[in-house]
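Open the model in your viewer and keep the sequence beside it. This tour goes from one selection to the next and says what is there.

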Amino acid sequence: MKPAPFSYIRVATVEEAANALSEYTDAKLLAGGQSLIPLMNYRLSKPTVLIDLCGIEAFASVSLKDDVFTIRAGITHQSLHEHPLVRAYAPVLAECAGEVGHWAIRNRGTLGGSLAHADPASELPAAMVALDARFVLTSVRGERTVTARDFYLGLFTTDLAEDEILTRIHFFASSANRIHFAEIARRPGDFALSGAFVRVEESATEITWFGVSDMPYHLTLDALPVEEKARQALFTSLASTLEPLDQTVYRRKLAAVVAERAYLKGRRVQA
Amino acid sequence: MKTIQATQSITLNINGQTHSLDVEPRFLLSDVLRHKLGLTGTHVGCEHGVCGACTVLVDGKPERSCLVFAIQAEGSSVETIEGLSADGMTRLQRAFQEHHALQCGFCTPAFLLTATALLKQTKDPTEQDIREAISGNICRCTGYQFIVDAILAAAKGEEA
């Protein structure tokens with residue numbers, strides 16, 4: 001239960017991090033470490049070089065300009081949960097950030113780390129898919145932007161190249177409107193057994209499920225039936241196509257339940 | 001950019017005292033506190049962030065000392081249970097005693113630190129706030145109710 005030896009590099013800028021990452025091909029980035037360090041303690045992960053991003057200046061800033069949120073990747077879950085701009089203009093993101101792990105985990109774990117780790121049961125990747133966010137990936141080759149919906153490729157698998165760092169996240173504040181969130185976990189702080197972000201517009205509905213597939217599962221539908229039984233039947237039929245990694249029948253049922261809960265939350269708020 | 005290989009000299013601020021020591025980068029903060037500094041009040045349970053027994057305060061906020069490398073704590077101020085009780089028991093500790101909020105005591109230092117941080121930021125927490133704050137700490141003896149009672153009592157300033 002002790003990590004294998006590694007060399008440690010502390011960087012002060014994104015540029016330094018990108019240089020180090022291109023120089024040391026076996027390096028791993030250390031953000032908050034709340035997923036990586038457990039893996040290293042178990043020696044499931046044995047990087048020979050760790051590049052610590054925690055010292056990058058102003059790597060946790062949030063700004064909102066002309067409807068565009070820009071969040072730098074080093075923000076902790078707790079800061080995201082408490083940030084006044086996020087609370088006011090993207091409340092669903094603040095809410096779900098508060099459901100990530102426990103307080104002590106949220107004080108260290110970062111948004112960028114969670115998004116790049118791509119755990120299928122975690123809230124934030126699905127939130128970004130629901131928000132149709134853009135991720136800025138930085139390397140010595142320059143920057144490129146990829147949508148969250150294209151970024152996730154499968155179980156713990158993303159479009160991030162070996163020399164790239166997820167440095168910024170952009171999304172429209174207006175897209176956070178009308179998205180509502182619900183999840184079911186056995187205890188507070190546990191990974192969700194199933195969760196959903198539901199966006200209800202007059203003529204269309206979007207659902208993003210997590211915890212019930214190998215990665216965030218997003219789909220767009222026509223308007224939902226207002227009548228409860230018909231709507232729940234629709235959620236159940238949609239959920240029946242999900243392929244959870246385990247407890248298939250149970251998690252599909254929960255998927256329909258969380259979708260309905262998120263929908264009802266939205267209807268209450270918008271009423 | 002600073003590359004560190006093998007053993008490195010670092011300076012840590014623990015409970016207001018400065019310690020200079022040599023560590024390998026792979027040394028966890030929890031292990032350095034216990035084995036290098038003899039601060040064995042920080043307990044190590046699961047070593048993967050689930051049990052919460054190793055919780056310490058880093059710049060006033062609860063964090064898992066088993067999920068932080070000691071070398072990362074340079075420049076931060078770390079508070080352990082030994083720092084909390086340097087001048088006798090705090091009101092919170094007396095409340096734990098009065099309300100029987102511990103039995104074996106293994107989880108207690110981490111509960112005290114987590115609750116100390118909570119009471120610093122929330123003067124008048126509800127039972128719900130308390131349960132949410134301590135949800136990351138596992139206790140196998142008490143069933144939690146007495147811990148919640150103790151924290152509520154300490155928040156209200158009730159003296160035993």
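How many bridges join E4(B) to E5(B)? Select these two strands: four bridges join E4(B) to E5(B), and the strands run antiparallel. Strands here are DSSP runs of E with at least two residues, helices are runs of H or I with at least four, and both are numbered from the N terminus. Two strands pair if DSSP finds at least two bridges between them.

Before going further, note that this is a predicted model, in which local features need pLDDT of at least 70 and side-chain atom pairs count only at pLDDT 80 or more, while totals for chains, interfaces and linings use all residues. Residues are numbered from 1 along each chain as its sequence is written, and chains are lettered from A and ligands numbered from 1 in the order in which they are written.

**The hairpin in chain B**

Stay on the hairpin of E4(B) and E5(B), which has two residues between the strands. Pick B:Asp59, which takes a positive phi near 50 degrees. Then pick B:Val58, whose bridge partner in E5(B) is B:Lys61.

**The two domains of chain B**

Colour residues 8-84 of chain B as domain 1 and residues 91-156 as domain 2; these bounds come from an automatic or database domain assignment. The centres of the two domains, taken over C-alpha atoms, are 21 Å apart. Where they meet, 15 residues of domain 1 of chain B are in contact with 13 residues of domain 2 of chain B. Residues are in contact if their C-beta atoms, placed from the backbone, lie within 7 Å. On the domain 1 side, strand E4 (55-58), strand E5 (61-64) and helix H2 (81-84) of chain B each give two or more residues. E4(B) gives the most, with three residues. That side divides into eight nonpolar residues, six polar and one charged. Ala, Val, Leu, Ile, Met, Phe, Trp, Tyr, Cys and Pro count as nonpolar, Asp, Glu, Lys and Arg as charged, and the others, Gly among them, as polar.

**A helix pair in chain B**

Next select helix H3 (residues 91-98) and helix H4 (residues 108-121) of chain B, which pack at an angle of about 130 degrees with their axes 10 Å apart. Axes are lines fitted to C-alpha atoms, for helices over the stretch in contact, and angles run from 0 to 180 degrees between N-to-C directions. Show the side chains of B:Leu92, B:Gln93 and B:Phe96 on H3(B), and of B:Thr108, B:Leu112, B:Ala115, B:Thr116 and B:Leu119 on H4(B), which make the contact. Five of these residues are nonpolar, three are polar and none is charged.

**Where chain A meets chain B**

Now show both chains. The contact takes 30 residues from chain A and 25 residues from chain B. Among the elements of chain A that give two or more residues are strand E1 (7-10) and helix H1 (14-23). E1(A) supplies the largest share of the chain A side, four residues. By class, that side has 17 nonpolar, seven polar and six charged residues.

**A sheet in chain A**

Last, select the open sheet of four strands in chain A, with the order E11-E12-E13-E14 and antiparallel pairing. Strand E11 (179-184) and strand E14 (217-222) of chain A stand at the edges with a single partner strand each, so one side of each has no neighbour in the sheet. The twist averages 15 degrees from one strand to the next. Six bridges join E11(A) to strand E12 (residues 194-200) of chain A, and A:Ala182 has A:Ala196 as its bridge partner in E12(A).

Technical notes
Two residues are in contact if their C-beta atoms, placed from the backbone, lie within 7 Å.
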